[in-house]
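Dear colleague,

Please find below the structure I am handing over to you. My notes on it follow directly after.

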Amino acid sequence: MNIGIRLHDVAGATLEEKLQNAKAQGFSCVHLALSKVLPDFPMEKAPELLTPALAEELKALFAKYGLRIVVLGCYLNLATPDMEELQRTMEIYKAHLRFAPLLGAEVVGTETGNPNTAYALDENSHTEASLRLFMDRLAPLVRYAEECGAVLAIEPVCRHIVYTPQWAARVLAAFPTPHLRLILDMVNLMNMANYRQADQILKDAITLMGPRIHMLHIKDYLPREGEADVASLAAGQGCMDYTGLLAFPRSRDLPMTLEDTVPENAEAARLYLENWPR
């Protein structure tokens, strides 16, 4: 299996130390969030900082350790009602889309936001109006990805606008281009109201979105009575049945990156998945 990790979850004081440790723990690819691994990279300065020279420097460093960059993270709120914030956010996304092909990053990853400045679930998040708003904001970025030769990948989350496989499929259908794909994170689609239907959620995701799923985020979960959300944990620490979930990426050799790990349990989480019976 092609299992990677979020680089900011790896031990190390510098980027190179993190790459060394990721390689030593047996990972083959990474999710890269530059603002979380480079100390002098504030996200708001991305349009100025994401230069061809930086791309060449980083590309050589990742090649040195044989690690693929499967996701370049840019997780900002495209549905914000603050128009000044939105303008800056769009420029940051465009900078990442320009940078990704230079770096060799396979996709620029993003979630789908909420229609408020807090990026929080509210009564308007799961409305048709918010879905239309998100797709209106997404449209120029998809066009820009096409121009740059980049790929934008959205990640559905039950607490955001695109919160089910059905809604994700609607977005993908509205943009029938290989430059828009999907990141599947099953735990992000689950909450206390639906976790018992996990098998059906996975079936719907594969049926409705399968050909355009580029990669998976992998973690585990535990129910939390009295809470709205399940607890999110490193793989092997909860009650997730990975049988159907792992069969899908195995069938297409899709990359997976671990989430919610710490340096002390990351390798164990990788081994837990690799040893899961077929």
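**Cysteines**

Across the whole structure, the search finds zero disulfides, a disulfide being a pair of cysteine sulfur atoms within 2.5 Å. The model is predicted: local features need pLDDT of at least 70 and side-chain atom pairs count only at pLDDT 80 or more, while totals for chains, interfaces and linings use all residues. Residues are numbered from 1 along each chain as its sequence is written, and side-chain values use heavy atoms, with hydrogens and water left out.

For cysteine 29, the closest cysteine sulfur is that of cysteine 74, and because the separation is 20 Å, it is too far for a bond. Cysteine 148 also has its closest cysteine sulfur in cysteine 74, here at 13 Å, again too far for a bond. Cysteine 29 is buried at 0% relative accessibility, whereas cysteine 148 is partly exposed at 24% (buried means under 20% relative accessible area, exposed over 50%, partly exposed in between, with a 1.4 Å probe and protein chains only).

**The barrel and its helices**

Eight strands form a closed barrel in the order S1-S2-S3-S4-S5-S6-S7-S10, with parallel pairing. Neighbouring strands of this sheet are turned by 30° against each other on average, direction ignored. Helices (H or I, at least four residues) and strands (E, at least two) are DSSP runs numbered from the N terminus, and two strands pair if DSSP finds at least two bridges between them. S2 pairs with strand S3 (residues 68-73) in the parallel sense over four bridges.

Helix H8 (residues 198-209) packs on the sheet, touching strand S6 (180-185) and strand S7 (213-218), and its direction makes about 165° with that of S6. Helix H9 (residues 243-252) lies across S6, S7 and strand S10 (256-258), running at about 140° to S7. Axes are lines fitted to C-alpha atoms, for helices over the stretch in contact, and angles run from 0 to 180 degrees between N-to-C directions.

**Histidine 31**

Histidine 31 belongs to strand S2 (residues 29-32) and stands opposite valine 71 in S3. Histidine 31 is buried, with a relative accessible area of 4%. Its side chain makes a polar contact with the side chain of histidine 217 at 3.2 Å (a pair of N or O atoms within 3.5 Å; within protein, one must be able to donate a hydrogen and the other to accept it, and residues adjacent in sequence count only if both atoms are side-chain atoms). Leaving aside neighbours within four places in sequence, the contacts of histidine 31 include Ile5, Tyr75 and Thr257, contact meaning heavy atoms within 4.5 Å.

With kind regards
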